[in-house]
Amino acid sequence: MADVSPRTDTSTDADTEDKNLRFQINQSQGMVASDGSDKYRDQKTLRRLAQNREAARKSRLRKKAYVQQLESSRMKLTQLEQELQRARQQGIFVSSSGDQSQSMGGNGALAFDVEYARWLEEHNRRINELRGAVNSHAGDGELRIIVDGVLAHYDSIFRIKGDAAKADVFHILSGMWKTPAERCFLWLGGFRSSELLKLLINHLEPLTEQQLSSINNLQQSSQQAEDALSQGMEALQQSLAETLAGSLGPSASSGNVANYMGQMAMAMGKLGTLEGFIRQADNLRQQTLQHMHHILTTRQSARALLAINDYFSRLRALSSLWLARPRE
Amino acid sequence: MDRIRELASKKAAVIFTKSSCCMCYSTKQLFYELGASPAVHELDKEARGREMELALRGLGCNPSVPAVFIGGVFVGSTTDVISLHVDGSLKQMLIDAKAIWF
């Protein structure tokens, strides 16, 4: 029996459907009439068979549509993965979990995160320029211009952080704008200069006796300033805890509302000083970088900046690896 | 202002603070770490504290506390102290004023 069912026909029009059914039935009936061998196939059976064919055809069409949808989703996913990969390579942290919901808290936090990402992109561009100059044995004059540019660019992030700390000191302190591994080493909203210098000393050879002594003094001074600021922060925490604890206990009756309010006001004042600590910590970082540059030759400064960047890049890469690790 | 000058000249290292100020605490700690024993005057405990605070502001000290004097000379607040410490100048000033010996 010649099968003339229109399999390639994509029309799903109801009328067409009925016509197809009738066409198929008539065809079958026609065959039966001339052949005569299939007299057990009555109208009902033929109709059922035709309907099955129709259902199968529709099913095939649905499957085709579904597969097409899957294909285009897969393409989109590949595209997104590539973008993510590119962003991660540039050291821009992109959260793959629910982290982002926290940075949305308050315009200040989100705005800073965006500014920081932009700053980092520009920083990486300058570092690549510096690396190119060092590797191609550029002259001191050219190196100095690039190094000065990198240092001036560092100044701008400290300024941006200062503004952001005024708007949302807790966001800066939280370090949520940095990658997880960097956050491990967070001190007062940023890196520890003394630790950085410790890492650098081995990468700066050859150093003169004078330079070595100066770098060691700088490392020690930085450490002392860090300790002093840390102790101030501890004193602040202690003071804040005492202020809040003072309003606890059974004396918290309606008559002591004024007391409570007074203590809250005092606690608010203390929180206000946090911004000052971040500012001093950033000031310390800035001064340390400047003085390091002052002690070293241009070429040594260039190598120092490259080494610092390598270190932080590795921390950021580690964070990416960590976030992408396979989990049970 | 006279009271400030008077107190500032009495010892090689003098710091004006407020008892509740934690940044003042940090600055004191830094001096102790360097082996100095600065004279500390808490403005909120001084009779003419308000006047003294205004005088310090007049000197350009911002914030007004902590205000550091070495050898009777006004050095600045925390930002200045940290900057001078990083480049080694603070230690030298203290040595010159005989607040420390090495």
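Buried area here is the accessible area, taken with a 1.4 Å probe, that two parts lose on being put together, summed over both. By that count, chain A and chain B bury about 1600 Å² between them, with carbon and sulfur atoms giving 62% of it. This is a predicted model, where local features need pLDDT of at least 70 and side-chain atom pairs count only at pLDDT 80 or more, while totals for chains, interfaces and linings use all residues. Residues are numbered from 1 along each chain as its sequence is written, chains are lettered from A in the order in which they are written, and side-chain values use heavy atoms, with hydrogens and water left out.

- Counting contact as heavy atoms within 4.5 Å, 20 residues of chain A touch 16 residues of chain B.
- On the chain A side, Gln224(A), Gln231(A) and Gln280(A) lose the most area to chain B, together 29% of what that side buries.
- There are 7 residue pairs in polar contact between the two chains, both residues at pLDDT 80 or more; a polar contact is a pair of N or O atoms within 3.5 Å, and within protein one must be able to donate a hydrogen and the other to accept it, with residues adjacent in sequence counting only if both atoms are side-chain atoms.
- Two elements of chain A give two or more residues each to this side: helix 9 (209-245) and helix 11 (274-295). Helices are DSSP runs of H or I with at least four residues, strands are E runs of at least two, and both are numbered from the N terminus.
- Helix 9 of chain A brings the largest share, 11 residues.
- The chain A side splits into 8 nonpolar, 10 polar and 2 charged residues, with Ala, Val, Leu, Ile, Met, Phe, Trp, Tyr, Cys and Pro as nonpolar, Asp, Glu, Lys and Arg as charged, and the others, Gly among them, as polar.

**Salt bridges**

- The rule is a side-chain nitrogen of Lys or Arg within 4 Å of a carboxyl oxygen of Asp or Glu.
- It gives 19 salt bridges over all chains, but 0 between chain A and chain B.
- One of them joins Glu54(A) and Arg57(A), at 2.5 Å from N to O.
- Both residues sit in helix 2 (residues 43-89) of chain A, 3 residues apart, or about one turn of the helix.

**Chain B**

- Chain B has 5 helices and 4 strands, running α-β-α-β-α-β-β-α-α from the N terminus on.
- The C-alpha atoms of chain B fill a box of roughly 35 × 25 × 20 Å along the principal axes.
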